[in-house]
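User: I am new to this structure. Please pick out a single part and take a close look at it.

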Amino acid sequence: MMIKLTQRIQRVKPSPTIAITTKAKAMKADGIDVIGFGAGEPDFDTPEPIKAAAVRALQEGKTKYTPVGGVNELKDAIIAKLKRDNQLDYTREEIITSCGGKHVLYNIAQVLFEAGDEVIIPAPYWVSYPDQVLLNDATPVIVDTLEENEFKITPEALNQAITPKTKAVVLNSPSNPTGAAYTQAELAALAKVIETKDVLVISDEIYEKIVYDDFVFSSIASISPAMKAKTIIVNGASKCYSMTGWRMGFAAGPKEIIAAMTKLQGQVTTNITTATQWAVVEAYNGSQDFLKDWVAEFRKRRDYILERLNKIPDVRCFKPQGAFYVFPNISAYLGRKANGQVLKTDLELCDFLLDQAKVAIVAGSGFGAPGFMRLSYATSMQNIEAGLDRIEAAFKQIR
Ligand SMILES: *Cc1c(COP(=O)(O)O)cnc(C)c1O
């Protein structure tokens, strides 16, 4: 029989970050020694007290369904976290937990976007934003940012992109893939534009705790009560607590939106894994001391990788304020030859690096930024050193 898939699913492309990791994994399985710079998750283990809380929950028989949005203890831990870290007051009706930040974003898209709506997404962007908008029949409006502006959207560019059809703007700070983070002043300038318009903000703050050099994280929701009323904060335990496999994310926002998301989730996935909920209660309520060590380690790696990349002739790399990615500009190498073949695009360059140097790096095109590539430094210093040796040698072969 002829299987006919929906228009909707045909609009979506597979995640390019998953594509490169899959290819690298296949090479590794064939015995090839590949160094991966593709990882979108911390290489640290989940802290022991968090794991212990999950084990305890299982032993206590906390193995059944819970309320769709999460147990009250979890919502209260999130409310306390938002107060402590972001100086924001929320109630339980304004919080939902879902199966990862990605699921939270999808739920938001499902309840807010439909045909005719435009959603502003600054590029470089995290790969799932445009596809989730497309899955819900709306139109992603990609606004390119400039490397000179540290890949941040300016108030002018935002203002120009807003039309009567604009439903929301997606902000991600610190950013995947660039590591750029907005200062409070920068957010206040964007807020000035947004406050006067009928536009919501989806603020993806999943890398909140991973910031360097005294950078102070701010949420755009904390700029003013008016901004809080039109912002949906997306956050979760995946990146800052090294809990990617546990699947927990949350939204904090206007209660009408949260209620709609809860209704939707009640028909789709119900609650997130019960033991995960209790683990995350510990993550938010327990000691945050390990974070200092993690951030110090990430910072050391960032500085090393930046120094090495910037030493490669004609490669230029912006110094990120957060997350665990660097996003070098490799456009000077496009159109040059390696192994007798012209490398026309960043995708071809990354393919060359994987085949030739056995390093897995994601091309910038996947993030809406051709001419760049993303290296994750969520891997050991030893891997980073060896990988950079390989990258440097491979670039020498491009003429
Ligand atoms: C990793 C990530 C997420 C969420 O990941 P989950 O594993 O679904 O929690 C959301 N936004 C960005 C920018 C990310 O990098």
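Analyst: Strands S6 and S7 (residues 231-236) run parallel and pair over four bridges. Pairing needs at least two DSSP bridges between two strands. Strands are DSSP runs of E with at least two residues, and helices are runs of H or I with at least four, numbered from the N terminus. The model is predicted: local features need pLDDT of at least 70 and side-chain atom pairs 80 or more, while totals for chains, interfaces and linings use all residues. Residues are numbered from 1 along each chain as its sequence is written, and side-chain values use heavy atoms, without hydrogens or water.

S6 has another partner, S5 (residues 166-172). These two strands are also parallel, joined by five bridges. Here Leu-200 of S6 is the bridge partner of Ala-168.

Now the side chains. Leu-200, Ile-202 and Asp-204 point one way from S6. Val-201 and Ser-203 point the other way. Five of the five residues of S6 (residues 200-204) are buried, so the strand is largely enclosed by the rest of the structure. Buried means under 20% relative accessible area, exposed over 50%, and partly exposed in between, using a 1.4 Å probe on protein chains only.

Strand S4 (residues 139-144) gives another view, through its residue Ile-142. Ile-142 is partly exposed, at a relative accessible area of 36%.

Last, the open space. The largest pocket holds about 890 Å³. Its lining has 39 residues, and Gly-38, Ala-39, Gly-40, Glu-41 and Lys-239 are the closest to its centre. A pocket is an open set of points on a 1 Å grid where a 1.4 Å probe fits, with protein on both sides within 12 Å along at least five of seven lines; lining residues have an atom within 4 Å of a point. Volume is the space filled by probe spheres set on points joined across faces, edges and corners. Helix H2 gives the largest share of the lining, six residues. Domain 1 (7-45 + 290-396) and domain 2 (50-285) both contribute to the lining, so the pocket lies between them. Those domain bounds come from an automatic or database assignment.
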